[in-house]
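Subject: Structure for your review, with notes

Dear colleague,

I am passing on a structure that I would like you to look over before we discuss it.

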Amino acid sequence: MTEHTPAPSPTDLTVRKLAIDLSKGFSRHWNGGDAFLTAYANALSMSFPVGEQFFIDSVRNGGKQLPDTPENAELKATVKGFIGQEATHRHLHALYNAHLETQGLVNHWGPRALKRQEMGRRELFDKSDKGYLHELAITAAFEHFTAIFGDQVLESEGQSGDWFAHAEEPLRTLWRWHAAEESEHKCVAFDLYTRLGGNHAWRMRWFGYVCIQFSTDVLRQTVNNLWHDRTLHKPSTWWSAAKFLFGRHGIVWRSARPVWAYTRRDFHPMQVGSATQAAQWLRDHAHQWTAVGAAGAAKA
Ligand SMILES: [Fe+2]
Ligand SMILES: [Fe+2]
């Protein structure tokens, strides 16, 4: 979709139960036998249970601040859907991560992120009567990254630059389903932040913080995964990393424009990425999920 032509935000977020079985685990280099691509995706997965709980809490707290008026009814409904979707992501990635532990990998990112969250609440958010806005700005920034990745995963499916072209099932489906839902609910935290009066200056400060933390954390955890996997020093690992980051379809080039778009004053998440490909993927794979409704998931 062309930038500066926002489509309406989705108003109806379905919570889906994905029909995959993670109980049998997966191989050590499940992503096409490629050590780097596997380690990178595993690193992202390691961050999700802690990160997505933070997103859930911040969106739930923000939703509570929203007055019960007819004009807020749609946004309040998407808050419930958002919480339900992130709760299912957390659940499946926790099962996925448990299997990574049995493969000898060690999750440093999750505990480190949790410590930071606790410190942020103790030192800043809980001391401010607008602490919920800071938390929402952080969530909106992270959600911008997950939506960019989600869009890239879906738009490259079956083409050059497909992250999961040769991935094993069930992880290929898990990652694409997660990508589709991240793209689908990308507006919720952002809309809540702006509806509650969040300003551009704080949105930028937290975005800068998230850019630095996220890129450092994902790199550290990926390197650590490769070290435990004993593939850190293999030339093929570094070749794959170079291609993934800086190749013709490298993530650095593909992400630069949408990442920068976030800094505009008139930015809205619907201005970047596709407004239809997530819905298309979910329609095409409807046999792999069942709708469980949004209401019950708000308990997560
Ligand atoms: Fe998620
Ligand atoms: Fe999300």
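This is a predicted model: local features need pLDDT of at least 70, side-chain atom pairs count only at pLDDT 80 or more; totals for chains, interfaces and linings use all residues.

Residues are numbered from 1 along each chain as its sequence is written, and chains are lettered from A and ligands numbered from 1 in the order in which they are written. Helices (H or I, at least four residues) and strands (E, at least two) are DSSP runs numbered from the N terminus.

A residue is called buried if 20 or more other C-beta atoms, placed from the backbone, lie within 10 Å of its own, exposed if 12 or fewer, and partly exposed in between.

Tryptophan 175, which lies in helix H5, counts as buried because it has 21 C-beta neighbours inside 10 Å. Leaving aside neighbours within four places in sequence, tryptophan 175 is in contact (C-beta atoms, placed from the backbone, within 7 Å) with Ala41, Val153, Phe164 and Ala167.

Turning to the helix pairs, H1 and H3 pack at an angle of about 25 degrees with their axes 8 Å apart, where axes are lines fitted to C-alpha atoms over the stretch in contact and angles run from 0 to 180 degrees between N-to-C directions. H1 and H3 are therefore roughly parallel to each other, given that angles under 35 degrees count as roughly parallel, over 145 as roughly antiparallel, 65 to 115 as roughly perpendicular and the rest as oblique. The residues of this contact divide into 8 nonpolar, 4 polar and no charged; here Ala, Val, Leu, Ile, Met, Phe, Trp, Tyr, Cys and Pro count as nonpolar, Asp, Glu, Lys and Arg as charged, and the others, Gly among them, as polar.

H2 and H6, by contrast, pack at an angle of about 140 degrees with their axes 10 Å apart, and H2 and H6 are therefore oblique to each other. Leu75, Thr78, Val79 and Phe82 of H2 meet Val188, Asp191, Leu192 and Arg195 of H6, a set that divides into 5 nonpolar, 1 polar and 2 charged.

Leucine 22 sits in the loop between strand E1 (16-18) and H1, and counts as partly exposed because it has 17 C-beta neighbours inside 10 Å. Beyond four places in sequence, leucine 22 is in contact with Leu92, Leu95, Tyr96, His99 and Pro170.

Arginine 230, in the loop between helix H7 (200-228) and helix H8 (235-246), has phi near 60 degrees, a positive value in a residue other than glycine. Arginine 230 is exposed, with 10 other C-beta atoms within 10 Å.

Key
Two residues are in contact if their C-beta atoms, placed from the backbone, lie within 7 Å.
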